[in-house]
Amino acid sequence: MAIDYEAILRGKYPAKLHAQRVVQYIRSKVPDANGILYLEGRHTKLLEDSDMPEPFRQRRPFFYLTGCSLPDSYVIHDIETEKTTLFIPPIDPDDVIWSGLPMSVEEAKEKYDVDEVKYSNELNATLACIGNEKASVSSNATVFAIAGQVSEKVSFLNFPNTNFDLLKEAIGYTRVIKDEYELALIAKANAITAAAHHAVMKQVKNATNERELEALFLKECIKAGAKKQAYDGIFAAGTAAATLHYVKNDEPLGGKQLLLVDAGCEWECYASDITRAFPINGKFTPEARAIYDIVLRMQTECIAALKEGVVWDDVHVLAHKIAIEGLSELGILKGDKDEILAARTSVAFYPHGLGHYLGLDTHDTGGNPNYNDPDPFFRYLRVRGKLPAGAVITVEPGIYFCRFIIEPYLKDEKHAKFIDAEVLERYWAVGGVRIEDNILITKDGSKNLSCTIKDPEELEKIVVSS
């Protein structure tokens with residue numbers, strides 16, 4: 001059953017629930033913790049040698065405890081009383097001339113899930129007052145803040161203690177489990193992203209360059225109200241799709257087999273992250289379809305294996321096993337499949353991790369990766385360990401034909417015996433195939449939050465119909 005995100009999003013972002021969860025985590029580490037949580041939003045900053053502001057992106061920890069996207073804002077959450085006070089910029093007459101009236105205290109109180117709203121010029125006085133009250137009661141009163149995210153003008157002098165380490169850890173941990181409102185935000189971002197992907201599919205036959213399709217994707221998102229992208233999209237035709245984070249997006253489409261699109265908008269700071277690959281002329285070549293079918297099977301079987309408590313590392317290995325089986329059936333790989341797995345030869349064709357947590361960031365917090373892992377299977381795996389119910393994770397297997405990666409394997413005796421270079425020659429032009437969806441982990445399984453077409457016959461139909 002699809003999430004009724006429009007109904008859910010008529011409510012308020014549950015900032016106070018998030019604060020309670022953060023405090024619970026802090027008290028699991030410091031049982032007698034008391035005092036305040038203190039966070040700052042991102043401040044406005046001018047571009048170098050210009051009077052124009054840098055593009056604004058709200059700090060995610062601040063948004064998690066406020067739901068507020070206003071720059072130059074602050075928040076205090078009292079651990080004992082559970083009172084949340086938001087501080088927003090005061091009215092600056094000079095700024096009003098150029099930018100119009102800012103949000104008022106009354107408007108902010110109505111919009112955000114907080115107990116009190118003040119102007120930011122009252123911040124230090126409020127901190128001093130709270131500090132005096134806390135210090136008079138307990139010598140353990142602490143300001144929990146994030147190192148490097150406290151302005152020089154802010155003073156905690158009246159508080160007996162400060163802790164600049166635990167709050168970031170606590171927010172990073174609690175962000176993994178999504179509540180209903182967060183899932184609605186992700187679902188809405190996915191719906192807009194799906195429509196943009198479908199628009200690109202319908203137009204690809206009429207386009208001549210990757211940049212036309214990137215422009216179309218952005219247009220569709222902005223038209224739907226999603227002005228910001230969760231990340232810089234990838235629009236990669238032909239062999240460019242073998243570059244995992246391709247950035248050019250300006251090469252011609254002529255004579256190339258597939259277009260790989262990895263792109264997603266964000267909605268109120270929450271990300272979507274979808275990848276599709278489809279034939280530019282509306283018909284898969286036999287080689288491209290064979291690779292597509294392997295990747296689709298990788299994704300389908302990995303999603304089927306998901307539920308609360310499953311070890312993500314094991315699911316990633318499953319993806320490799322399916323890739324090895326498929327590439328062996330095509331003759332690209334040869335020899336004993338278990339030996340290929342043990343040798344890690346499949347990393348030549350599938351070098352990245354199976355996916356990552358998704359939320360306020362595209363590569364969201366809490367994954368506990370180990371980028372120094374000596375095992376190439378797991379070095380780029382952004383999530384390690386058991387998956388909790390309520391987490392949203394991307395499942396994005398892929399197979400790529402990148403000469404820079406594969407050719408060293410062909411020269412290495414350990415791997416060369418498992419690769420048939422003659423058969424491989426027919427697949428270089430495929431470039432790469434990746435299929436990515438956003439998956440909610442549940443107690444007994446999972447739920448796909450993505451609604452973008454991926455059936456190969458349906459992909460051909462939507463391209464041809466343009």
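How are α10 and α11 oriented to each other? In this predicted model, where residues are numbered from 1 along each chain as its sequence is written, local features need pLDDT of at least 70, side-chain atom pairs count only at pLDDT 80 or more, and totals for chains, interfaces and linings use all residues. Side-chain values use heavy atoms, with hydrogens and water left out.

Helix α10 spans residues 286–304 and helix α11 residues 312–330. Helices (H or I, at least four residues) and strands (E, at least two) are DSSP runs, numbered from the N terminus. The two helices pack at about 155°, and their axes are 9 Å apart. Axes are lines fitted to C-alpha atoms, for helices over the stretch in contact, and angles run from 0 to 180 degrees between N-to-C directions. α10 and α11 are therefore roughly antiparallel to each other. Angles under 35 degrees count as roughly parallel, over 145 as roughly antiparallel, 65 to 115 as roughly perpendicular and the rest as oblique. On the α10 side, the contact is made by A290, I291, I294, R297, M298, E301 and C302. On the α11 side, V315, L318, A319, I322, A323, E325, G326, L327 and L330 take part. Contact means heavy atoms within 4.5 Å.

Helix α10 also lies across β12, β15 and β16. It runs at about 155° to β12. These three strands form an open sheet in the order β12-β15-β16, with antiparallel pairing. β12 and β16 (446–448) stand at the edges with a single partner strand each, so one side of each lacks a neighbour in the sheet. Neighbouring strands of this sheet are turned by 35° against each other on average, direction ignored. Strand β15 (residues 437–441) is joined to β16 by three bridges. Two strands pair if DSSP finds at least two bridges between them. I439 has N448 of β16 as its bridge partner.

The loop between β15 and β16 holds G445. G445 is buried, at a relative accessible area of 11%. Buried means under 20% relative accessible area, exposed over 50%, and partly exposed in between (1.4 Å probe, protein chains only). Leaving aside neighbours within four places in sequence, G445 is in contact with L306, K307 and L440. G445 and V310 are 135 residues apart in sequence, yet 9.7 Å apart in space, C-alpha to C-alpha.

H352 sits in the loop between α12 (337–343) and β12 (392–395). Its relative accessibility is 12%, so H352 counts as buried. The side chains of H352 and Y400 are joined by a polar contact of 2.7 Å. A polar contact is a pair of N or O atoms within 3.5 Å; within protein, one must be able to donate a hydrogen and the other to accept it, and residues adjacent in sequence count only if both atoms are side-chain atoms. Beyond its neighbours within four places in sequence, H352 contacts L244, H316, Y380, E396, P397, G398, Y400 and R434.

Strand β8 (residues 258–263) is mostly covered, with six of its six residues buried. L258, L260 and D262 are buried on one side. L259, V261 and A263 are buried on the other. β8 runs antiparallel to strand β7 (residues 234–237), joined by four bridges. I234 is the bridge partner of D262 in β8. Strand β11 (residues 274–279) pairs with β8 in the antiparallel sense over six bridges. There, A263 stands opposite I274 of β11.
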